[in-house]
Amino acid sequence: MLNQTGIASLDEIKSCFPKEHLLLKPKAIIECYQEIPCNPCSTSCPHNAIIIGPDINERPTLDLDKCIGCGICVYSCPGLAITLVSIKDDKAEFKIPYEFLPVPKKDEIWNAISRDGAIVSKAKIKSVLSGPKQDKTVLVTVEVDKQYLYDFITIRCPYER
Ligand code: SF4
Ligand code: SF4
């Protein structure tokens with residue numbers, strides 16, 4: 001489906017996620033579907049949790065046990081292909097890369113957006129991190145209902161027309 005529409009299918013999305021019980025603590029979800037010569041995710045991870053191997057074209061894989069959920073890979077990936085996800089009760093918490101203006105603020109309610117650009121829900125902004133190492137990629141922590149675990153991908157300002 002990715003090849004035809006540019007949008008990953010549910011099966012393709014789920015193939016990037018571990019079982020839900022392994023998401024009690026934040027883990028990187030790498031949605032890098034194509035073989036491309038790229039590796040900042042791997043070289044930026046201080047815990048060697050992202051493996052590409054000797055051929056830079058290989059798709060990255062995650063060693064779940066080594067990932068501590070620091071988020072460095074999220075803002076290091078030029079393709080914005082990595083999020084951090086954790087689940088608590090009926091909520092899913094995402095840390096997403098965000099490069100648009102306006103930048104959201106803590107406690108605001110934004111729109112939760114799916115991969116096809118549709119509004120699927122509301123998203124609560126829990127925190128916003130922006131530092132000199134992030135090269136203008138803001139790390140936004142967002143809470144959505146767990147039922148949108150495989151739908152949610154980003155946020156959109158609620159004031160946008
Ligand atoms: S979240 Fe941190 S520890 Fe986990 S893969 Fe990314 S950089 Fe490595
Ligand atoms: S940095 Fe991003 S786009 Fe590049 S290989 Fe890693 S996940 Fe894929």
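How much space lies in the largest pocket? About 680 Å³. A pocket is an open set of points on a 1 Å grid over the protein atoms alone, with protein on both sides within 12 Å along at least five of seven lines; lining residues have an atom within 4 Å of a point. A volume is the space filled by probe spheres set on the points.

Some ground rules. This is a predicted model: local features need pLDDT of at least 70, side-chain atom pairs count only at pLDDT 80 or more, and totals for chains, interfaces and linings use all residues. Residues are numbered from 1 along each chain as written, chains are lettered from A and ligands numbered from 1 in written order, and side-chain values use heavy atoms, without hydrogens and water.

Stay at the largest pocket. Select Glu-31, Gly-79, Leu-80, Ala-81 and Ile-153, the closest to its centre among 31 lining residues. Now colour β9 (152–156). This strand (a DSSP run of E, at least two residues) gives the largest share of the lining, 4 residues.

Next, the second largest pocket, with about 210 Å³ of space. Select its lining, including Ser-15, Cys-16, Arg-59 and Leu-64. β1 and β3 (61–62) each give two or more residues to this lining.

Last stop: ligand 1. Select Cys-45, Cys-67, Cys-70, Gly-71 and Cys-73, the closest of 15 surrounding residues (near means a heavy atom within 4 Å). The shell holds 12 nonpolar, 3 polar and no charged residues. Here Cys counts as nonpolar and Gly as polar.

Technical notes:
1 Å grid on protein atoms, 1.4 Å probe; cavity = no way out; pocket = protein on both sides within 12 Å on 5 of 7 lines; lining within 4 Å.
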